[in-house]
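Open the model in a viewer and keep the selection tool at hand.

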Amino acid sequence: MTSVTVRAPAKINLGLSVGGPRADGFHDVATAYHAISLQDELVAAASEELSIALTTADGIPLDDVPQDRSNLAVAAALALAERAGVEPLVRLHVTKSIPVAGGMAGGSADAAAALVACDALWQTGLSRSELAELAAALGSDVPFSLVGGTALGTGRGEVLTPVLARGRFHWVVAIADGGLSTPDVYAECDRLRGGTPVPEPRVADALMAALRTGDADALGASLHNDLQAAACSLRPSLRETLETGAQAGALGSLVSGSGPSVVFLARSPEHAIDIAVALSATGTCRSVRRAHGPVAGARVVGDG
Ligand code: ATP
């Protein structure tokens, strides 16, 4: 085998409850992660040295994303090689569909994809739980990008518990021009809270019940993100995007993670088209994508 192709999904947080700042600067969260069919594709090919290239689906190079070991896919390949005791001789190519710094864990998806692809290429023989351990060390969202589906995340988000979820949900993603820095959004959240005591983070029972029954109306009504006010404060145009989707009859809407991507829940694939058309017509965002969830985590889709 000289090359392996892996796809990894974007995540949205159906509920994101954020605690106060911890001593280490992180925040404890309780979140219902949901993997959707907006995916990055990574090809790992045997090579004389470690390298990475990132392009859009149209083949346009993404020069604003780091290409050194601070790229999460490179960091993942290096961590796996060290753990498995092999040389990290691999050329990575990422075709990005997940917006960069969009609050949809695109970097984490690439890290999970690199772990799965290099694991197959190098035939490391590591167990799934050993890969999950490497994933948690790479970033809070990477373990979820490995497993996908719908799951509860606690701690920094890296402690996962499976969620009993029924049904398939239809989403519209409004991708904003430019990203938001995750640390900046958490800092703004702390600033807006003004030092008032913050309760233990917790995902609402109504949200968990909606997932158990697969009830899209109930899910739409219980979507919640504690970071939404902070993201809207830093990027006020998001309020207009949210309003446009609401007027188009979305069952629910929310800023995804730390933003600035905004997601809308539709009743059906046809309804998703209506919402997407309304969003495109108002020009409040750079692009609009439709997706469904839940989908699987990082997985091999081809080798050669
Ligand atoms: P977070 O997981 O912190 O919520 P996000 O989903 O908002 O992040 P990402 O697309 O993961 O956003 O990118 C966050 C930052 O990580 C980018 O600004 C970029 O500099 C860096 N980064 C490192 N590796 C990657 C990668 N493979 N793809 C995209 N960004 C990456």
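Start at the boundary between the two domains: across the interface of domain 1 and domain 2, zero salt bridges are found, a salt bridge being a side-chain nitrogen of Lys or Arg within 4 Å of a carboxyl oxygen of Asp or Glu. The model is predicted, so local features need pLDDT of at least 70 and side-chain atom pairs count only at pLDDT 80 or more, while totals for chains, interfaces and linings use all residues. Residues are numbered from 1 along each chain as its sequence is written, and side-chain values use heavy atoms, with hydrogens and water left out.

**Stop 1: the two domains**

Select 3-163 as domain 1 and 169-293 as domain 2; these bounds come from an automatic or database domain assignment. Taken over C-alpha atoms, the centres of domain 1 and domain 2 are 22 Å apart. On the domain 1 side 32 residues are in contact with 36 residues of domain 2, where contact means heavy atoms within 4.5 Å.

The size of an interface is often given as the accessible area lost when the parts come together. Between domain 1 and domain 2 about 2500 Å² is buried, and carbon and sulfur atoms give 66% of that area. Buried area here is the accessible area (1.4 Å probe) that two parts lose on being put together, summed over both. Now select Leu-14, Leu-16 and Val-18 in domain 1: these residues lose the most area to domain 2, together 23% of what that side buries.

Although salt bridges across this interface number zero, the interface does have 15 residue pairs in polar contact, both residues at pLDDT 80 or more. A polar contact is a pair of N or O atoms within 3.5 Å; within protein, one must be able to donate a hydrogen and the other to accept it, and residues adjacent in sequence count only if both atoms are side-chain atoms. Colour β1 (3-21), β2 (27-46) and β5 (150-154): each supplies at least two residues of the side of domain 1 that touches domain 2. Helices (H or I, at least four residues) and strands (E, at least two) are DSSP runs, numbered from the N terminus.

**Stop 2: His-27**

Select His-27, in strand β2. Is His-27 buried or exposed? His-27 counts as buried, at 8% relative accessibility; buried means under 20% relative accessible area, exposed over 50%, and partly exposed in between (1.4 Å probe, protein chains only). Show the side chains of His-27 and Asp-190, which are joined by a polar contact of 2.9 Å. Beyond its neighbours within four places in sequence, His-27 is in contact with residues including Val-18, Pro-21, Arg-156, Tyr-186 and Asp-190.

**Stop 3: salt bridges**

How many salt bridges does the structure hold? It holds 11. Go to Asp-40 and Lys-96, whose closest N and O atoms are 2.7 Å apart in a salt bridge. This pair links distant parts of the chain, with Asp-40 in strand β2 and Lys-96 in strand β4 (residues 90-96), 56 residues apart. Both Asp-40 and Lys-96 are buried.

Next, select Arg-83 and Glu-130, whose side chains meet in a salt bridge (3.8 Å, N to O). Here too distant parts of the chain are linked: Arg-83 is in helix α1 (residues 72-84) and Glu-130 in helix α3 (residues 128-138), 47 residues apart. Arg-83 is partly exposed at a relative accessible area of 35%, and Glu-130 is partly exposed at 25%.

A further salt bridge joins Asp-205 and Arg-202, with the closest N and O atoms 3.2 Å apart; Arg-202 is exposed, at 57% relative accessibility. Then select Arg-22, Asp-24 and Asp-28, which a network of salt bridges links.

**Stop 4: Ala-112**

Move to helix α2 (residues 106-122) and pick Ala-112. Ala-112 is buried, at 0% relative accessibility. Leaving aside neighbours within four places in sequence, its contacts are Val-142, Ser-145, Leu-146 and Ala-298. A distance drawn between the C-alpha atoms of Ala-112 and Leu-72, 40 residues apart along the chain, reads 8.8 Å.

**Stop 5: cysteines**

Finish with the cysteines. The whole structure has zero disulfides, a disulfide being a pair of cysteine sulfur atoms within 2.5 Å. Cys-232 is buried at a relative accessible area of 5%, and Cys-285 is buried at 14%.
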